[in-house]
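This report examines how parts of a protein chain meet. Please keep the sequence and the model in view while reading.

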Amino acid sequence: MEACHSPQQSNITSYRATTVAIISLETFAGMWINAFLVCVLCIAWVKKKTLNSNEKILLLLGCSRFWHLCISWVYSFLSIIYPSYLYVRPTCTFLLSIQNFCYCSNLWFSACLFVFYCIKIANFRNSCFVYLKVKIDRIVPWLLLGSVLFSVAIGSSLYNIIDKAQCNNHNSTGQGHFSKVCGKMDDVFFHIYFIYGFGFVTSFTAVIFSALLLLFSLWRHKRKMQTNSRNNLSMDAHIRAMKSILSFLVMYSINFVFLTSTVIPSTQEENSLVFLVYIFLYGFPGVHSLILIFSNPKLKKTLIRILSHVNCKVCMR
């Protein structure tokens, strides 16, 4: 007897195949970009025996994004191609916890980068801000340590919640108490959403607050230059900086909205909107890291030299 495949099943299969192909392409491109960022900074660390505050943040940001993309790709691949593997108790819990740790640290390292740029570039006469400006290089390691500890706390909390939920779910369904399972799962989802929301909102608030302060400082300085009839080069530099910060802010805001939408149950369905959400979420770590590379003269020079060397090798063949 020949197997019959309905049009709906073939559409689902093609949708999943397309999703895996595009996500894999974005993931490996993003991993390569962040691996380049990490390797260049590690080589500089070995040569100079030290890193400045900006390089420390970029190094940890690149590491967290590399591992986040790697773990997220494994989880997505299993959930789309081999979903049965995720029903094995330790696999799903472990992958989700590591994924959440990496992504939470990614968000907080991004927030640290925005805070660092704000304090380093913005000019305010407030005594507290002046103190932070003077001490920022000593504060950055503590900010990074706090980000890691906060991410570990969220990852371990989610691990315990999901692990207990799976144990209770298995025991209760084995005894036939389905009403109790539904009530327990509602409590579990509430705790997960609360932890997710707290981690996302706090880091996003830090980014928004830092970006707005920096934009206000640059705008005020631009007005002063206009009144004093300063040269156009300085004016253009400030306008470019404001446009760059605005683009970062827009990208980060879209990423936050899409990321928040992934915890809503309705986004687990397979449709074109969900497809676009995940395409953006997998593309953002690589694109943003690439922008950071091109905004750093040393990293940009190294990347162009490597690409030109690779291009010469290809042309010689």
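**Terms and basis**

A residue counts as buried under 20% relative accessible area, as exposed over 50%, and as partly exposed in between (1.4 Å probe, protein chains only). The model is predicted, with local features needing pLDDT of at least 70 and side-chain atom pairs pLDDT 80 or more, while totals for chains, interfaces and linings use all residues. Residues are numbered from 1 along each chain as its sequence is written, and side-chain values use heavy atoms, leaving out hydrogens and water.

**Salt bridges**

A salt bridge places a side-chain nitrogen of Lys or Arg within 4 Å of a carboxyl oxygen of Asp or Glu. The whole structure contains two salt bridges.

One joins K120 and D137, whose closest N and O atoms are 3.8 Å apart. This pair links distant parts of the chain, 17 residues apart: K120 lies in helix 3 (residues 89-121) and D137 in helix 4 (residues 127-175). Helices here are DSSP runs (H or I, at least four residues), numbered from the N terminus. K120 is partly exposed at 41% relative accessibility, and D137 is partly exposed at 42%.

K48 and E55 also form a salt bridge (3.3 Å, N to O). K48 is partly exposed, at 40%, whereas E55 is buried, at 7%.

**Helix 2 and helix 7**

The axes (lines fitted to C-alpha atoms over the stretch in contact, with angles from 0 to 180 degrees between N-to-C directions) of helix 2 (residues 53-81) and helix 7 (residues 272-295) come within 10 Å and cross at roughly 160°.

Key: Helix = DSSP H or I, 4+ residues; strand = E, 2+ residues; numbered from the N terminus.
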